[in-house]
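Here is a short report on one residue and the sheet around it. The structure comes first.

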Amino acid sequence: MSQEKEIKKEQEEVEEALKENEAQSEDAVENENTAEASKETADADTTDKASEEVKEEGKKSLFGKKKNPLQDKLDDMTDKYKRQLAEFENFRNRTEKEKSQMFDAGAGNVLTKILPVVDNFERGLAAVPEDKKDDSLVQGFDMIYKQLLKTLEDMDVKPIEALGKEFDPNLHNAVMQVESDEYEEGIVAQELQKGYIYHDTVIRHSMVAVAK
């Protein structure tokens, strides 16, 4: 009888051990499932957060690239204004230059018509005899002549130096060659008519004879 009890007791212990092992296995499986679910939730949260960040960056990028139409219009008007201002400045400079050239051309034409008057004064005064140079009439002509020369000088009209200078076709107009003991070949030996320069521009060449 005692042997049967011992056997029954051993069976109960074995069954209890099996139940305990089964409970432990179920707890382990449940813990593993819980861990996997937590991981999936965390991954999902991370994915959602990354997606939101990407969307936010996309919005920022989109708004950052968007231009203000008013600013575009202002920039366009500013560019047009600068171009028109530059064109006007060029036009004004060109107009001033053309006006200056026209004035110089007109002044040059007037001066070329005055120069023969100067020539006549010089010829007339040169023909006055020595004993007549003190006459009041001659003195009056001489004063007018000097005043005329002073006016031309104030207008930047200067006579060209010719006598004794090397012949320069840019300044001199050679009408003949002459024998000369005083000047070497190629040197202006006689000045037949004075030449003049106006603002560094020749308005009349000197008429000269060159030594040969």
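Two strands pair if DSSP finds at least two bridges between them. Strands are DSSP runs of E with at least two residues, helices are runs of H or I with at least four, and both are numbered from the N terminus. The model is predicted: local features need pLDDT of at least 70, side-chain atom pairs count only at pLDDT 80 or more, and totals for chains, interfaces and linings use all residues. Residues are numbered from 1 along each chain as its sequence is written, and side-chain values use heavy atoms, with hydrogens and water left out.

**The sheet**

Three strands form an open, antiparallel sheet in the order β1-β4-β5. β1 and β5 stand at the edges with a single partner strand each, so one side of each has no neighbour in the sheet.

| Strand | Residues |
|---|---|
| β1 | 157-159 |
| β4 | 196-198 |
| β5 | 201-204 |

β4 and β5 pair in the antiparallel sense over 3 bridges. Tyrosine 196 has arginine 204 of β5 as its bridge partner.

**Arginine 204**

Arginine 204 lies in β5. Arginine 204 is buried, at 16% relative accessible area (buried is under 20%, exposed over 50%, partly exposed in between; 1.4 Å probe, protein chains only). A polar atom of the arginine 204 side chain lies 2.6 Å from the backbone oxygen of lysine 194. Contact means heavy atoms within 4.5 Å. Not counting residues up to four places away in sequence, arginine 204 touches residues including Leu115, Pro116, Asp119, Ile160 and Tyr196.

Definitions and conventions:
A polar contact is a pair of N or O atoms within 3.5 Å; within protein, one must be able to donate a hydrogen and the other to accept it, and residues adjacent in sequence count only if both atoms are side-chain atoms.
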